[in-house]
Amino acid sequence: MIKRLAGTIGAEVSDIELPSISEEGIEDIKELLAEHLVLFFLNQHLSVEQHVTFGRHFGKLECHPNLKNPFLNHPEVFELAASHGGLADEWHSDITFDQHPSIMSILNMIQCPEVGGDTMWANTCAAFDALSQPLQNLCEGLSALHDAEPHGKPEITAVHPVVRVHPVTGKKALFVNEHFTRRIVEMSHSESRMLLDYLTRWVTSPKFTVRYHWQEGTIAMWDNRCTQHFVLNDFNQQRIIQRVTIVGDTPEPVAPLQWPAYTRVENVGATSRFDKQLNDHLGRAIMSLDSNARDDKP
Ligand SMILES: O=C(O)CCC(=O)C(=O)O
């Protein structure tokens, strides 16, 4: 049975046992995920092994690139415990600082507070569709720099289109988030700040979201290509989640990007410090292109 939980995103699926699911059942889940973007399965209580086995039905699993993992036998399972500061209370899609951000995440709720610690998800296709035509057109021609600064690694950077096309549904999704996105590549720092502030707030407008209250043993899975999520930091008890993520793809823009990167070599002044990270990223990208070219030589 499928129970929709909000107007634009989220559904609870009951009468299903994930450990014994058939290949046909997996195909049904893929279709449901394309429709609802985040799915919840109650009363599953999966072991670490069952969690990993279920995840592998959807693709290759990846280890978290920056955070430690407690399970020696299963490096793909990553755990967040609130008592150790593991609480993702800024809106994000997973691993967008990587060239190939995870396409999907599957979360196992191990321990949750009686009250509080809900998670919210936002539908980033609905958020894009509801923008005005001029702003849609502008965003479709832009790209943005993301970094792993929240994990203490600001030097890990990647550039992605501001609007990506979902490879399965063909829908357009806004692909900038509060947690990992730093800068619109084609704009000055102050223009970028204004647009990113607007877009990242817009995505989280209540009408694009669902808010989920957890029970232990629930499995949630979401599509990172067309959603963002965050946890409400409003509790004092322990909260532990375990997660596996499916290896990512390359976010595809709607059309070839239109404008050059905003780089200014003249008029260097105090505000140029805001361009440093972007310039460093572009420098690294050019160096890697050069070394690729060298590698191609016999
Ligand atoms: O703890 C949650 O509910 C969500 C965790 C999260 O944000 C993540 O795994 O990226």
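The shell around the ligand comprises five nonpolar, three polar and two charged residues (Ala, Val, Leu, Ile, Met, Phe, Trp, Tyr, Cys and Pro count as nonpolar, Asp, Glu, Lys and Arg as charged, and the others, Gly among them, as polar). The model is predicted: local features need pLDDT of at least 70 and side-chain atom pairs count only at pLDDT 80 or more, while totals for chains, interfaces and linings use all residues. Residues are numbered from 1 along each chain as its sequence is written.

Surrounding the ligand are Leu-80, Ala-88, Asp-94, Ser-105, Leu-107, Thr-119, His-229, Val-231, Ile-241 and Arg-243 (a residue is near a molecule if its C-beta atom, placed from the backbone, lies within 6 Å of it). Two or more of these residues come from each of β6 (104-111), β15 and β16 (240-246); strands are DSSP runs of E, at least two residues long, numbered from the N terminus.

The protein is divided into domain 1 (2-123 + 211-246) and domain 2 (124-202 + 252-296), with bounds from an automatic or database domain assignment. Contacts (C-beta atoms, placed from the backbone, within 7 Å) link 18 residues of domain 1 with 25 residues of domain 2. On the domain 1 side, β7 (119-123) and β15 (227-231) each supply at least two residues.

An open sheet of three strands runs β11-β10-β17 with antiparallel pairing, where pairing requires at least two DSSP bridges. Because β11 (172-174) and β17 (252-253) are edge strands with a single partner each, one side of each has no neighbour in the sheet. β10 (residues 163-165) joins β11 over three bridges, and Arg-164 stands opposite Ala-173 in β11.

Technical notes: Contact = placed C-beta atoms within 7 Å. Helix = DSSP H or I, 4+ residues; strand = E, 2+ residues; numbered from the N terminus.
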